Amino acid sequence: MIQLFLKGIIIGIANIMPGVSGGTLAVILGVYDRLTEAIGNFPTAPTKKKIEYAKFLLQIGVGAVIGVVLFARIIEFCFTNYPRLTAGGFSLLIIPSIPYIIKGEDKRAKKNIVAFILGAILTLCFVYADYKFGKDGGSRELVTVVTTAYAIKLFICGGVAAGAMIIPGISGSLLLLMLGEYYNILGFINKFFSNLINITSYSSIGEIVTNLYIIPLTAFGVGVVLGLVLIAKLINMLLARYRSVTLFFITGIVMVSVLQIWVNLYK
């Protein structure tokens, strides 16, 4: 239980750092298969299996939430002030673990080699997109007025980012950066917890909702849940039917994701 909790914390930290994939860390930590299975199959699983999935997801999920909550401000500070050192540290966690992803698989099979190359090419395209479009990441001034259109945008961003979070090598935080919402989401999370201690001073429910940024966080959170379930279901099906090919595809993604981090350091 403690191990899963700690792994969840690491995955949570990875998901709030642009250029580092929570999915990559899940693969490296050995929980990726179980994670995609539990998330993807939970809605349709029988009650007994639901309980088993719930226990697993609770341990990983609580750890991930704590990782985000405790380290959001720290990562924001480190990424802003020491981007190379911070991202470099994460890349050093990834490199030694890459061979373990395809341990025991046929490394000479043509279909596996092709899958590896395709995964690498896909991630290279993502690296290029990051280099081309992800330099600014939008304004760092926190949005204060949440319109219906903006809430819908946050919902879509949540779904896209969550889908990316669960795919190794693709950073959900980086996608948020490219969509111009990374600093807003990080700011909403930080404001929620910093203002939560003053909740008794607010005179109405509306004031609580506004000061704790409930609406934008809810819109984003619902999108995250939907994105996680749909993408996890797809990946779990691929692992069940085409395990070897899927693992080599993932390895290609993970290997090039190291390049992604270094691009972030020097762009």
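Among contacts in the protein between residues at least 6 apart in sequence, 80% join residues at least 24 apart. The model is predicted, and its secondary structure amounts to 12 helices and zero strands. Of its 267 residues, 48% count as buried.

**Overall architecture**

- Along the sequence, the elements follow the pattern α-α-α-α-α-α-α-α-α-α-α-α.

**Helix H3 and its burial**

- Helix H3 covers residues 32–41, and it is largely enclosed by the rest of the structure because seven of its 10 residues are buried.
- The buried positions in H3 are Tyr32, Leu35, Thr36, Ala38, Ile39, Gly40 and Asn41.
- Thr36, which lies in H3, has a relative accessible area of 0% and is therefore buried, the cut-off being under 20%.
- A polar atom of the Thr36 side chain is 3.1 Å from the backbone oxygen of Asp33.
- Beyond its neighbours within four places in sequence, Thr36 contacts Asn41, Ile166, Ala232, Ile235, Asn236 and Leu239.

**Packing of H3 on H11**

- The axes of H3 and H11 are 7 Å apart and meet at an angle of about 125°, which means that H3 is oblique to H11.
- This crossing of H3 and H11 is left-handed.
- H3 contributes Tyr32, Asp33, Thr36, Glu37, Ile39, Gly40 and Asn41 to the contact, while H11 contributes Leu228, Val229, Ala232, Lys233, Ile235, Asn236 and Leu239.
- By class, the residues in the contact of H3 with H11 are seven nonpolar, four polar and three charged.

- Pro43 sits in the loop between helix H3 (32–41) and helix H4 (47–81).
- Pro43 is in contact with Lys50 and Val229 when neighbours within four places in sequence are left aside.
- Pro43 and Val229 are 186 residues apart along the chain, yet their C-alpha atoms are separated by 8.4 Å.
- Val229 also belongs to the H11 side of the contact with H3.

**Packing of H9 on H11**

- Helix H9 (residues 182–196) and helix H11 (residues 214–241) have axes that come within 10 Å and cross at roughly 125°, so H9 is oblique to H11.
- The crossing of H9 and H11 is left-handed.
- The residues making this contact are Ile185, Phe188, Ile189 and Phe192 from H9, and Ile214, Pro216, Leu217 and Phe220 from H11.
- The contact of H9 with H11 consists of eight nonpolar residues, with no polar and no charged ones.
- In an α-helix, residues three or four places apart point the same way, because there are 3.6 residues a turn.

**Asn112 in helix H6**

- Asn112 is located in helix H6, which spans residues 110–133.
- The relative accessibility of Asn112 is 1%, so this residue counts as buried.
- A polar atom of the Asn112 side chain lies 2.7 Å from the backbone oxygen of Asp106.
- Apart from residues up to four places away in sequence, Asn112 touches Asp106, Ser244, Val245 and Phe248.

Notes: Residues numbered from 1 in each chain as written. Predicted model: local features only at pLDDT ≥ 70, side-chain atom pairs only at ≥ 80, totals over all residues. Heavy atoms only, no water. Helix = DSSP H or I, 4+ residues; strand = E, 2+ residues; numbered from the N terminus. Buried < 20%, exposed > 50% of the residue type's maximum accessible area, 1.4 Å probe, protein only. Polar contact = N/O pair within 3.5 Å; in protein donor to acceptor, adjacent residues only side chain to side chain. Contact = heavy atoms within 4.5 Å. Axes fitted to C-alpha atoms, helices over the stretch in contact; angles between N-to-C directions. Parallel < 35°, antiparallel > 145°, perpendicular 65-115°, else oblique. Left-handed = near helix turned anticlockwise from the far one by under 90°. Nonpolar A, V, L, I, M, F, W, Y, C, P; charged D, E, K, R; others polar.
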